[in-house]
Every structure is written in structure tokens, then in C-alpha cells.
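Dear colleague,

I am passing on the structure that we spoke about, followed by some notes on what was found in it. Please read the notes with the coordinates open beside you.

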Amino acid sequence: MKIKKKIGIIDLGSHNLFSIFQAVKNLKHYVKIINKSEQINKFDIIILPGVGTFGNAMKILNSLGMAKELKKFSKNSNKKIIGICLGMQLLLSEGTEFGKHKGLGIIEGSVIKLDKVKLNIGWKQLKINKDKSYNFLNKNLQKNYFYFVHSFYCSPKDKNIIKAKFEINDTLYCGMFIKDNIIGLQFHPEKSGKAGLIILKNILK
Amino acid sequence: MKLKAFYGLPKKVVFCKKTLISNQRPNSELEFRHNIKTIKKTVKIDNRGLSDAWKYSLEKKKINYKDREIKLLELLDMHRGKHGKYDCIVPGSGGKDSCYASHILKFKYGMNPLTVTWPPILYTSYGLKNFQNWLKTGNFKNISGKRNEELMKFLTKSSIKNLLHPFQTFILGQKIFPIKTALKYKIPLVFYGDNEAEHGNPIADNVTSLRNKSFHTLRDKDEIYLGGIKYTDLINKYNFKTKDLDVFLPPTLSSFDETNIEVRYLGYYLKWVPQEVFYYSVKNCGFRPRPYRTCGTYSKYSGLDDKIDDLHFYTTYIKFGLGRTTYDVAQELRNGHLTIEEAKKLIQKYDGEFPSRYFSEIMKYLSLKPKEFFNIVDKFRSPHLWKKTKQKWTLRHVAYK
Amino acid sequence: MKKKKFIRIITRLDIKNGFLIKGINLEGLRVLGDPYNFSQEYYKDGIDEIFYVDNVATLYGTNNLSKFIKKTATNLFVPLAVGGGIKCIKDAHRAFEHGADKIAINSAAILNPKFINDLVKIFGSANVCVSIETIKYDDKYFISRSNGRDIEKLNPFEWAKKMQDFGAGEICLTSVNQEGLGRGFDLKLYEKVSNIISIPILAHGGCGKYEDVQKVVKNSNISGVVLSSMLHYQYLHYVKLKKITLGNTTYLENNFDPKRKKINHIRKLKEYLNANNILTR
């Protein structure tokens with residue numbers, strides 16, 4: 001029996017929440033856009049999407065009282081947080097875009113500027129670290145491409161949480177991390193076609 | 001306040017509700033008699049605000065083109081291969097219409113058309129390329145009219161001065177030269193393209209009507225005007241030779257004796273959608289649109305081989321308040337390709353745009369000073385159409401208000 | 001070993017009055033059907049990105065795609081770029097709110113290059129694409145605005161560099177001369193531009209065969225190709241026809257063939273490219 005999850009998507013005042021909203025809706029879940037911190041706890045899963053800059057996004061999260069709520073939320077093992085792109089980066093301890101900024105600190109680590117290219121935009125494959133606890137992470141997924149658009153990458157302190165990597169000019173970077181109930185995706189699952197929707201479907205389970 | 005209307009144009013300006021053309025638009029001119037005193041016959045718009053052209057476009061939707069094609073095949077069967085090497089004539093200069101007509105007659109219907117061209121006064125580079133591509137891709141034989149260039153220049157300049165109609169002699173040649181060629185080579189079938197203006201008549205001219213036209217014109221040379229100047233003055237006053245002027249006159253009566261000539265519209269038999277004709281000619285005849293928007297309108301695929309074309313439409317704007325955009329949108333509205341709102345926006349944006357691109361070149365070519373040209377222009381602004389406020393001329397009536 | 005190139009396969013849909021239209025040399029408004037149905041079919045068949053252009057927006061000073069973008073974005077899970085008549089920040093916001101991932105700017109940038117800078121500061125380089133239309137005339141290249149109508153005395157090479165300097169995330173370069181003819185890309189154009197700028201370049205205009213894509217990829221450093229005629233003229237038979245009330249429908253009336261066997265041209269193109277050492281999604 002499929003249990004309908006209550007999924008909340010945080011509105012950072014960024015554009016195009018529409019796509020992630022539609023993607024989740026398409027997977028037949030109950031989904032709402034959240035712009036008040038009080039709403040956060042009502043949901044089972046929070047999606048932190050991301051477009052914009054690290055410093056600015058943290059400012060907004062802090063001013064809306066969402067940062068505090070999210071940290072509390074993350075400690076509840078029955079709840080889940082999914083960070084996408086900038087959202088994934090915000091979960092870390094600190095960011096370095098336009099100076100040093102404090103992140104949510106839910107995952108220990110830093111957000112660092114890409115050095116090989118200015119902007120990683122386009123389609124890349126993932127190198128999957130097989131993990132028995134997550135059987136959707138299999139070799140089949142490796143032939144798919146996922147859509148990336150970012151200039152910074154996540155460097156979590158604990159490398160074991162990195163479940164998938166992507167490559168730029170022979171260097172590998174963190175493409176996805178999963179630590180218990182905290183998931184981070186550097187690519188946009190809602191923009192990566194059917195493969196992206198499969199990943200989204202699995203992490204929302 | 002009663003305003004004077006020049007050229008016998010209707011004093012009250014009325015626009016067709018469906019095509020935005022006004023009742024100031026003249027119907028075809030009998031160019032030989034065209035002088036400043038000529039009273040123009042104009043487009044009819046009925047009391048419901050509908051023009052004849054619009055009403056005809058509704059009729060056109062009911063036409064059974066399968067039947068029409070059968071009629072065409074019958075006509076073509078009567079002529080195919082029967083007149084020596086070439087069995088029909090397609091007049092044109094490599095524009096989309098002549099490309100389409102000649103190509104489809106040859107490659108779909110198995111005819112062998114002779115292409116006949118009355119060259120533009122001043123070829124554009126891309127127009128010339130289209131002309132060359134047209135002949136090359138279709139492997140067409142072409143006969144191009146030759147005329148005394150000094151005379152042509154003189155007549156063009158005179159028609160601007162006397163009639164503000166730079167294209168008068170060009171239009172004349174365009175109509176006469178193919179007929180003369182048909183008679184000379186004894187090819188009795190001439191195909192023009194779209195029959196838009198003729199409201200359902202397949203036949204533009206036959207030997208009788210052409211003979212009559214020649215008869216009336218040549219009977220009394222005193223009545224002939226070219227460029228607004230009397231024929232006899234052109235000989236006696238300006239010393240042009242009869243043999244040079246001859247090329248602008250209709251065929252002699254005797255030339256009709258041997259050929260039962262017929263001028264038909266291909267657009268009667270085949271559904272003529274200007275845009276589709278454009279696509280066809282690009283695909284099959286090497287036709288390319290202008291690299292940029294035509295001056296005075298929004299499109300790129302019509303009337304692009306003569307530099308004077310832009311100037312011509314500027315003069316229609318001055319004389320009748322109708323620029324190129326108005327003519328173009330009227331056609332697209334009749335074909336259901338534009339909405340009225342879009343048409344109005346386009347007219348407001350582009351109609352009457354000054355033809356700056358080739359203006360200086362044309363003035364130089366004609367040895368006409370721009371100041372002189374603008375003085376002439378102002379003389380032709382009919383008071384019932386134009387008003388002058390603070391040194392600026394504006395139209396009293398526009399389609400978009 | 002030489003690294004294999006990865007190419008994005010993108011399709012561009014020109015939309016007027018809510019219908020998909022297709023011209024030649026950016027002229028002519030032949031209607032081919034319902035763009036929503038086309039985009040759904042392309043997505044199913046594996047297109048990487050979709051690019052919508054309202055190509056009379058600048059002509060009429062309007063901006064009509066919003067409802068349409070939203071409808072498409074509801075069921076599309078690959079990037080959607082939108083262009084046509086975007087001339088101020090408000091227009092850009094509207095496009096993003098309705099589901100666009102990227103905006104493409106042309107005419108407005110030519111009239112005010114700083115506009116690109118303003119957009120990039122707010123929305124980020126990655127989301128701002130500059131569309132360049134280039135016309136070859138008398139053996140020289142010029143750029144144009146308003147969908148090929150008004151030519152400018154700038155060349156696309158200088159212009160592309162300038163737009164890169166102003167922060168554009170990528171350039172979509174259309175060869176107006178080749179556009180709609182299906183006779184191949186202007187190879188020299190892309191070769192030259194890809195030697196001048198470093199941001200991604202998308203080639204658009206003239207693709208007729210799978211081979212054409214391979215040629216332009218081998219010959220230059222482009223990131224992707226944008227296909228229009230090559231796909232639309234095939235897919236118009238596979239896609240559900242909706243009632244068309246306005247526009248030049250003559251071609252569709254005479255040629256629509258619902259019995260035609262469906263071929264997934266996008267997959268076939270990708271397979272062809274893979275067989276020729278070009279990577280695709």
C-alpha cells in the first residue's frame with residue numbers, strides 16, 4: 001500500500017519552483033509550496049530547491065526563521081530533507097560564494113568553487129557507489145545523463161555519504177550524498193528526463 | 001470644411017472592415033492615357049464596409065480546384081509541344097510568382113515555357129541572383145527586353161515629375177513585352193500568376209481584347225502619354241527616336257494576324273497562396289528572400305528585384321494614403337493569415353516608411369535633386385488625405401484608428 | 001586518446017497565435033500544428049531541451065507565451081528555454097514564474113547590451129541565453145533582430161564576444177541563410193565563432209540530415225545543435241492535430257498523413273552520432 005507523503009517545497013523567492021512542484025505532483029504525492037517557517041513541521045519531506053547565491057539564500061532562510069526550523073526538522077528520523085543544487089549546498093556547514101557564509105550545518109563540510117570550469121551546465125553521467133541500503137543506486141543508472149547547472153560543488157567531510165559522483169575534466173565531484181534522512185542532489189532531477197524522475201521517485205519513498 | 005480631392009478620388013475615405021484597404025486604392029490604370037488629369041477608378045467598398053476583393057476571397061474558398069485543374073490540363077493538352085520548341089510564355093523576373101508558375105508548368109505539367117523578362121530599372125544584388133537561379137535551376141530559356149537606357153531614365157524621371165509614378169514605364173513594358181514576344185515567336189499561350197484582381201476570370205486577354213487595346217492606342221498617337229508627356233512631344237520636342245519609343249507601345253495590329261494569342265491566369269486553375277508560392281520557389285528555384293525587411297513593410301519575400309520598388313510604394317502612400325504594408329496585410333487578411341489587430345499594428349508601424357536604403361542612389365541615377373523630389377511629393381498630397389501641422393504632414397485617415 | 005565530444009540535441013519551436021509555425025530564412029508563417037503536442041512527443045522521444053520562440057513578439061510588441069509555457073512546463077522534465085520579446089526584467093520574471101528554465105534574448109540586447117548584464121545579476125548567467133541571428137549578405141556576416149527583419153551593422157563574431165563579456169551563459173547562433181532549407185549548417189560560421197568565445201554555443205539553422213549534425217560537431221566546438229525543420233516536418237504526421245483557426249494551413253491540409261509510420265528520429269539521430277564517436281544523452 002502506497003502511503004501518500006506530505007511534501008513541502010521551500011520558496012526562496014527564486015524562480016521556477018514550478019518544475020520541481022510539477023515533478024513531485026506527477027509522482028502522485030501531496031505537495032505544497034512553503035514560505036512560512038511554521039509550516040515546515042507539518043510535512044514529512046522538505047525539498048530545498050536552489051537557484052541563486054549561497055549568501056542570499058541563507059539570508060532569506062534566516063530571516064524567515066526557516067534555518068532554525070530546518071535544523072530541528074533534520075534531527076527527526078521520521079522526516080526527510082532533500083536539497084537540490086543550491087539547496088544541497090545550503091545543507092553544508094559553510095559556503096564560499098562572495099565571501100564565507102554559514103550554511104545550515106546539517107551536513108559537515110564546505111561548498112567550494114569549481115576550478116576547472118566557470119559553470120558546469122549540461123548533461124553528465126553519474127558514477128554510482130553501490131550501497132545495499134539504497135537499491136535504486138545501481139549500475140543501470142550509470143548509463144543515464146543528468147542535468148547540472150552550477151558553479152560550486154559540495155565537499156562533505158565524511159566521504160562515505162557520497163553515493164554518486166560526476167566528472168569534469170578527469171576530476172570527480174560529489175553528485176549525490178545520502179546521510180540517513182538527509183539527501184543532497186547536485187543535479188536537477190526535475191530536469192533530467194525520465195531518469196531524474198526515477199531518482200526522485202525513489203528518494204521520496 | 002470641404003477638402004479638395006485630387007485625381008478624382010472619392011472625397012470620403014472609407015476603409016474595408018476586413019482587409020483595411022481604403023476606397024482610395026486605384027484599380028488598374030490604362031497607362032497609355034495616364035496623365036495628371038486622369039480620373040482614377042478606385043476600389044469599391046459597399047455600405048457594409050466590405051470591399052469587392054474581400055467578397056471575392058470568400059467566394060474563392062468555395063472553389064473546387066480539382067475541377068479547375070482538369071480545365072488546366074485540357075488547356076495545356078491543346079498547346080503542349082505544338083508551337084515549335086516552346087509552347088507557352090511565362091513573363092517574370094525570377095520573383096516567387098514567376099518561379100512557381102514556370103517551374104510547375106515545366107516539371108509538373110510537362111510544358112516547355114519560354115521565360116520573358118522586362119528587366120527592373122535598377123536590379124538589387126539579391127534580385128539578380130534570384131533571376132539567375134531561376135533560369136539555372138529550371139534550365140529555362142529567357143528573352144529579356146532591351147530598351148534605350150537613356151530613354152528609360154528620362155521616362156522614369158518624367159513620370160516622377162509629372163505623375164509621381166516612378167514605375168509607370170516599367171509597368172507598361174512589363175505588360176507589353178511578353179505579348180510582343182509571344183507574337184514574334186508565334187507562341188499563343190501566355191501565363192500570368194495570381195488573378196487576385198480579376199475576381200474569377202481565367203482569361204486576362206485574348207486576341208480580340210489585345211487587338212482592341214492596340215487599335216485604340218495606336219489609332220491616335222496624339223492621345224498617347226508616356227511619363228506624363230505626349231508621345232508627339234517626345235519625338236518633336238525631346239528628340240527621341242520612334243524605334244526607341246516603339247518598345248513602350250503595344251503591338252502593331254498586323255502582328256495579331258498570325259497568332260491566336262491568349263493570356264491566362266494560372267491562379268485561376270491552381271490555388272495561389274502567396275506564402276506557399278514563396279516556400280515552393282525557395283525549395284525548387286533557388287529563390288531567396290531579401291536579407292532584411294522590405295522598406296515600408298514587414299515581409300521579405302515580395303517585390304525585391306528593383307531598387308525603385310520601395311520608392312514606388314512610397315508614392316502610393318503619398319497619393320492614396322496607402323503604403324506597402326497596407327497592400328501586404330490586405331492580402332494576408334484575405335488569406336486568413338493575420339488577425340485584424342496584427343494588421344493594424346503592422347500598418348501603424350511600417351506603412352509609409354521612407355525608402356531610405358536606395359534613395360540617394362536613385363536620385364543620382366535620375367539626376368534629380370532630393371529637394372526637387374520632395375517638392376514634387378508635396379504637390380501630390382491631396383488635401384482630402386493630408387494635413388500639415390507644424391511643418392509635419394499627417395494623414396487625416398488611417399486604418400488603425 | 002582524444003576525448004569524445006558530448007552534444008546536446010535541442011529542438012526549437014516557433015510559435016505564433018498559439019500554433020507551431022515554420023518558415024524559411026525566418027520568413028513565412030506556415031502552420032504545422034499544436035506546439036504542446038509536439039513538445040510532448042519530443043520529450044517522450046528523448047529530446048534534451050526545448051526552446052520556444054514567440055517570433056512575432058518584437059514585431060507586435062507583445063509577449064504572449066506565458067500560458068503556453070505553463071502548460072508545457074507542467075509535463076516537461078527537461079530544460080525549457082523561452083525567447084521572443086523579452087525586453088525588461090518583468091518579462092523575464094514572468095517567463096521563469098511560468099516554468100521557463102532559461103530565457104533567450106536577442107532584439108532587446110541589441111538595443112541595450114547592458115540589459116544582459118542586468119538579467120545576469122538577478123537570474124544568473126546559467127539562465128540567460130543570448131540568441132544571435134546572423135545573415136550573410138555580399139559575403140559578409142551581419143546580425144539581425146526582430147526575427148530576421150532588421151539588419152544591424154554588427155558582425156556576429158564581435159557581438160558574440162561582447163555578449164560573453166556582458167555575462168551571457170550561452171549563445172544560440174542561428175544562420176538565417178541556412179534556416180529552413182535542410183541543406184546543412186553554415187560550417188565556417190560555427191568554426192569561427194567557437195574559436196572566439198568560450199561559453200557554450202548552440203548551432204541552429206539548416207539541419208536536414210543526421211550527417212549534418214556530425215559535420216558541424218566535427219568541424220567546430222559547439223555544445224549542442226538546435227533542430228527545427230528536420231524534426232517538425234516528420235513529426236507533424238505523428239502528432240495529434242488540433243483545430244487551426246488562423247494562419248497559413250495550406251501545407252498541412254495538403255500533406256498531413258496520419259497513416260505514416262512513426263519513427264523516433266531523435267533516438268535514431270543519437271544512435272547515428274554515437275556510432276560516429278559523438279556522445280549524447
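Chain A and chain B do not touch, and their nearest C-alpha atoms are 31 Å apart; two residues are taken to be in contact if their C-beta atoms, placed from the backbone, lie within 7 Å. This is a predicted model, in which local features need pLDDT of at least 70 and side-chain atom pairs count only at pLDDT 80 or more, while totals for chains, interfaces and linings use all residues. Residues are numbered from 1 along each chain as its sequence is written, and chains are lettered from A and ligands numbered from 1 in the order in which they are written.

Of the 2 pairs of chains that touch, chains A and C have the most contacts. Their contact takes 19 residues from chain A and 23 residues from chain C. On the chain A side, α1 (18-26), β8 (120-125), β10 (145-150) and α5 (193-203) each supply at least two residues, and α1(A) gives the most, with 4 residues; helices (H or I, at least four residues) and strands (E, at least two) are DSSP runs, numbered from the N terminus. By class, this side of chain A has 10 nonpolar, 7 polar and 2 charged residues, where Ala, Val, Leu, Ile, Met, Phe, Trp, Tyr, Cys and Pro count as nonpolar, Asp, Glu, Lys and Arg as charged, and the others, Gly among them, as polar.

The contact between chains C and B takes 20 residues from chain C and 21 residues from chain B. The largest share of the side of chain C that touches chain B, 4 residues, comes from β4(C), and the residues of this side divide into 9 nonpolar, 6 polar and 5 charged.

Within chain C, helix α8 (residues 187-196) and helix α9 (residues 210-219) pack at an angle of about 30 degrees with their axes 9 Å apart, the axes being lines fitted to C-alpha atoms, for helices over the stretch in contact, and angles running from 0 to 180 degrees between N-to-C directions. In this packing, C:L187, C:Y190 and C:E191 of α8(C) meet C:K215, C:V216 and C:N219 of α9(C).

In chain B, B:D244 lies in helix α9 (residues 242-245). Leaving aside neighbours within four places in sequence, B:D244 is in contact with B:N148 and B:L151. B:D244 and B:K146 are 98 residues apart in sequence and 9.7 Å apart in space, C-alpha to C-alpha.

Best regards
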